[in-house]
Amino acid sequence: MTQAAFNYPVMLRLQGKKCVIIGGGSVAARKLATLGAAGASITVVAPSFSKELLEAATTYPCRLLSLAYSPEQLHEAFLVIAATDSFEVNRAITEAAPCLCNNVTEPELSNFTVPATLTADSITVTIATGGIPGYTRLLKRYLKQKLKPSFSLFNQFLKEQRRLLKETPSTPRERTAFWREVLSDELLHLLEDENIEQAKEQIQYAVDSFRTQSQNSTR
């Protein structure tokens, strides 16, 4: 398997899911932070823990097991991170894991990888270049400049408008066609120029018109 084989992007709901990190170093600490931020139920297993990991454990609730790795530690796990500094141990973890597993020393042996992530409030953008980290970082910096606060604020506005539209007498197909028509490149240009109120007005007018037409058609 090569990194190019990772071609099915997905966002996971990890709230309350059992996630196991094998390893106690700085990489494990970073994994603990990201999984903790996602609300996972985390167990970290290692003979000893680095300062970075212990600091992360004060922020993100987790269970620390000061033990060497054994396969039974993966029982009922939803997701496993093989983050030891041993290629052999990480390979053994990858082979034994009955679930999603990320091998940090040999990513090509994993059945999932974690892309670079850019978050702006309610918007998350992930970036994967198939194993070219320098280009990934470059793209992330570029997109961070483009993703202004107006995009996230507009996203929150759209969520509320979507809720109102779902309460209007209409079919899912009609609502899908509506959003495909009104969400145009012009809106993105307005947001890039931080003309968020003008973008909102366009959507508000379209939503009000759709709701009026839908309600009249049911009379």
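Entry 1. I looked up the crossing of H5 and H6 and found that it is right-handed. This is a predicted model, so I keep that in mind throughout. The two axes, for H5 (residues 149–166) and H6 (residues 172–182), come within 11 Å and cross at roughly 150°. On the H5 side I listed Leu158, Gln161, Arg162, Leu165 and Lys166, and on the H6 side Arg175, Phe178 and Trp179. Sorted by class, the contact of H5 with H6 has four nonpolar, one polar and three charged residues.

Entry 2. Next I turned to H1 (residues 26–37) and H2 (residues 51–59), whose axes come within 7 Å and cross at roughly 15°. H1 and H2 are therefore roughly parallel to each other, as an angle under 35 degrees counts as roughly parallel. I noted a left-handed crossing where H1 passes H2. From H1, Ser26, Ala28, Ala29 and Leu32 meet Glu52, Leu53, Ala56 and Ala57 of H2. I sorted the residues of this contact into six nonpolar, one polar and one charged.

Entry 3. Then I checked the backbone angles. Most residues other than glycine have a negative phi. Glutamate 76 is not a glycine, yet I found a positive phi of about 65° there. I located glutamate 76 in the loop between strand S3 (62–66) and strand S4 (79–82). Is glutamate 76 buried or exposed? Glutamate 76 counts as exposed, at 64% relative accessibility.

Entry 4. Aspartate 121 also went into my notes, with a positive phi of about 55° although it is not a glycine. I found aspartate 121 in the loop between strand S6 (116–120) and strand S7 (123–127). With a relative accessible area of 67%, aspartate 121 is exposed.

Methods:
Residues numbered from 1 in each chain as written. Predicted model: local features only at pLDDT ≥ 70, side-chain atom pairs only at ≥ 80, totals over all residues. Heavy atoms only, no water. Axes fitted to C-alpha atoms, helices over the stretch in contact; angles between N-to-C directions. Helix = DSSP H or I, 4+ residues; strand = E, 2+ residues; numbered from the N terminus. Parallel < 35°, antiparallel > 145°, perpendicular 65-115°, else oblique. Left-handed = near helix turned anticlockwise from the far one by under 90°. Contact = heavy atoms within 4.5 Å. Nonpolar A, V, L, I, M, F, W, Y, C, P; charged D, E, K, R; others polar. Buried < 20%, exposed > 50% of the residue type's maximum accessible area, 1.4 Å probe, protein only.
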